[in-house]
Amino acid sequence: MDTAADPHGGPPPRDAAKPDRAVVRDSLGVGVAVGLSGFAFGVTSVGAGLDLLQTCALSLLVFTGASQFALVGALAAGGNPFTAAAGAFFLGTRNAFYGLRLSQLLALPRAVRPFGAHWVIDETAAVALAQPTRRAARIGFTVTGLTLYVLWNLTTLIGALGAEAIGDTDAWGLDAAGPAVFLALLAPMLRSTTERAVAALAVVLGLGSLPVLPAGVPVLVAALAAPAVLWLSGRGEARR
Amino acid sequence: MNGTAVWIAVGLTAVGCYLLKLGGLLVPAHTLERPLVRRLAALLPVALLAALTAQQTFSADGALVVDARGAGLAAAALALLLRAPFLVVVASAVVVTAAVRALGG
């Protein structure tokens with residue numbers, strides 16, 4: 001690790017430090033749990049009519065679960081390749097905002113960024129942002145990213161190969177893994193009233209617009225909850 | 001399904017999603033010094049994760065649906081309140097959803 005690049009200078013205070021082993025353990029927990037859900041993606045993708053190569057290419061090259069699920073869902077629903085890709089792209093916009101926060105936190109060297117960028121997803125961002133120090137954040141990002149990338153692609157392949165053998169994946173409850181993962185990532189972020197208000201408004205906007213807007217768009221509408229709550233709380237403070 | 005059309009969709013998605021990830025990392029640091037951008041960047045993931053959780057639990061084919069996944073999510077929430085490890089949280093959602101379906105729910 002390039003500690004010389006740390007603008008805070010020197011090691012962090014002892015009480016703020018988190019043992020490397022604890023960071024690795026947390027990262028492996030997220031990486032393994034989420035990585036295994038590539039199985040569900042492989043099954044879903046082949047079930048939606050994509051072939052083995054297309055399914056594996058998505059996990060290798062797109063590597064952002066929600067976008068991958070959105071793409072195969074849209075293709076299965078009969079969407080054309082451009083609108084299907086647009087929905088997946090819009091779902092991926094949140095990764096740009098994770099990158100926005102991670103670039104400062106991780107302070108990656110410029111040469112490493114094009115490679116590190118591929119691992120900027122919900123889970124690596126959540127693990128890295130939850131760490132108390134830059135060293136812990138870098139370890140968390142790297143271990144989560146590596147574990148998740150290897151397992152996600154391996155289980156995508158196994159899932160795609162076994163899609164016919166397993167039959168009805170919903171009967172196994174595998175479709176509940178996605179939302180449970182999102183909830184587990186969200187829970188630690190709900191620290192203050194502002195965060196909770198944003199989450200509540202996002203649920204209302206997302207579910208409310210779901211029946212009337214095309215696939216992929218309701219999530220973007222729900223994202224408006226963030227600026228809306230920020231604007232409202234700003235007005236509240238100005239009045240005081 | 002048309003193979004070429006699928007490959008076009010796969011290619012566009014791969015390039016688009018990668019550029020989004022890279023773009024976030026390459027934005028100049030001074031952009032982040034504005035408090036509003038900072039607050040917004042912190043709150044957007046909250047909004048998106050909350051919406052994704054709700055939609056993946058309560059939707060099917062573009063319609064609102066309450067089914068076994070709701071029970072699975074409740075189990076996951078309970079596991080989170082009990083400070084269970086990540087794997088246990090996800091496993092409890094999968095197991096409860098499968099169990100409710102097996103019981104005809």
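Reader: Of the contacts in chain A with a separation of 6 or more, what share comes from residues 24 or more positions apart?

Author: This is a predicted model. In chain A, 74% of the contacts with a separation of 6 or more are between residues 24 or more positions apart.

Reader: How many helices and how many strands does chain A have?

Author: Chain A has 12 helices and zero strands. Read from the N terminus, the elements run α-α-α-α-α-α-α-α-α-α-α-α. As for burial, 50% of the 240 residues of chain A count as buried.

Reader: What describes two packed helices?

Author: The angle between their axes and the distance between the axes describe two packed helices. Take helix α4 (residues 65-76) and helix α5 (residues 81-106) of chain A: their axes come within 8 Å and cross at roughly 160°. An angle over 145 degrees counts as roughly antiparallel, so α4(A) is roughly antiparallel to α5(A). The crossing of α4(A) and α5(A) is right-handed.

Reader: Which residues make the contact between α4(A) and α5(A)?

Author: On α4(A) they are A:Ala66, A:Ser67, A:Ala70, A:Leu71, A:Ala74 and A:Leu75. On α5(A) they are A:Pro81, A:Ala84, A:Ala85, A:Ala88, A:Leu91, A:Gly92 and A:Arg94. By class, the contact of α4(A) with α5(A) has 10 nonpolar, two polar and one charged residues.

Reader: How many aromatic pairs are there over all chains?

Author: The count comes to four aromatic pairs over all chains. One of the pairs joins A:Phe63 and A:Tyr149, with 4.8 Å centre to centre and 85° between the planes, and is edge-to-face.

Reader: Which parts of chain A does the pair of A:Phe63 and A:Tyr149 tie together?

Author: A:Phe63 lies in the loop between α3 (52-62) and α4 of chain A, while A:Tyr149 is in helix α8 (residues 134-166), so the pair ties together parts 86 residues apart in sequence. With a relative accessible area of 3%, A:Phe63 is buried.

Reader: Why is the pair of A:Trp119 and A:Tyr149 tilted?

Author: The ring centres of A:Trp119 and A:Tyr149 are 6.5 Å apart and the planes are at 45°, so the pair is tilted. A:Trp119 lies in the loop between α6 (113-116) and α7 (122-129) of chain A and A:Tyr149 in helix α8, so this pair ties together parts that are 30 residues apart in sequence.

Reader: Is A:Trp119 buried or exposed?

Author: A:Trp119 has a relative accessible area of 19%. Buried means under 20%, so A:Trp119 is buried.

Reader: Which residues do ring pairs link into a cluster?

Author: The cluster is made of A:Phe41, A:Phe69 and A:Trp152, linked by ring pairs.

Terms used:
Residues are numbered from 1 along each chain as its sequence is written. Chains are lettered from A and ligands numbered from 1 in the order in which they are written. This is a predicted model: local features need pLDDT of at least 70, side-chain atom pairs count only at pLDDT 80 or more; totals for chains, interfaces and linings use all residues. Side-chain values use heavy atoms; hydrogens and water are left out. Axes are lines fitted to C-alpha atoms, for helices over the stretch in contact, and angles run from 0 to 180 degrees between N-to-C directions. Helices (H or I, at least four residues) and strands (E, at least two) are DSSP runs, numbered from the N terminus. Angles under 35 degrees count as roughly parallel, over 145 as roughly antiparallel, 65 to 115 as roughly perpendicular and the rest as oblique. A crossing is left-handed if the near helix is turned anticlockwise from the far one by less than a right angle, and right-handed if clockwise. Contact means heavy atoms within 4.5 Å. Ala, Val, Leu, Ile, Met, Phe, Trp, Tyr, Cys and Pro count as nonpolar, Asp, Glu, Lys and Arg as charged, and the others, Gly among them, as polar. Rings of Phe, Tyr and Trp (its six-membered ring) pair if their centres lie within 6.5 Å; planes under 30 degrees apart count as stacked, over 60 as edge-to-face and the rest as tilted. Buried means under 20% relative accessible area, exposed over 50%, partly exposed in between (1.4 Å probe, protein chains only).
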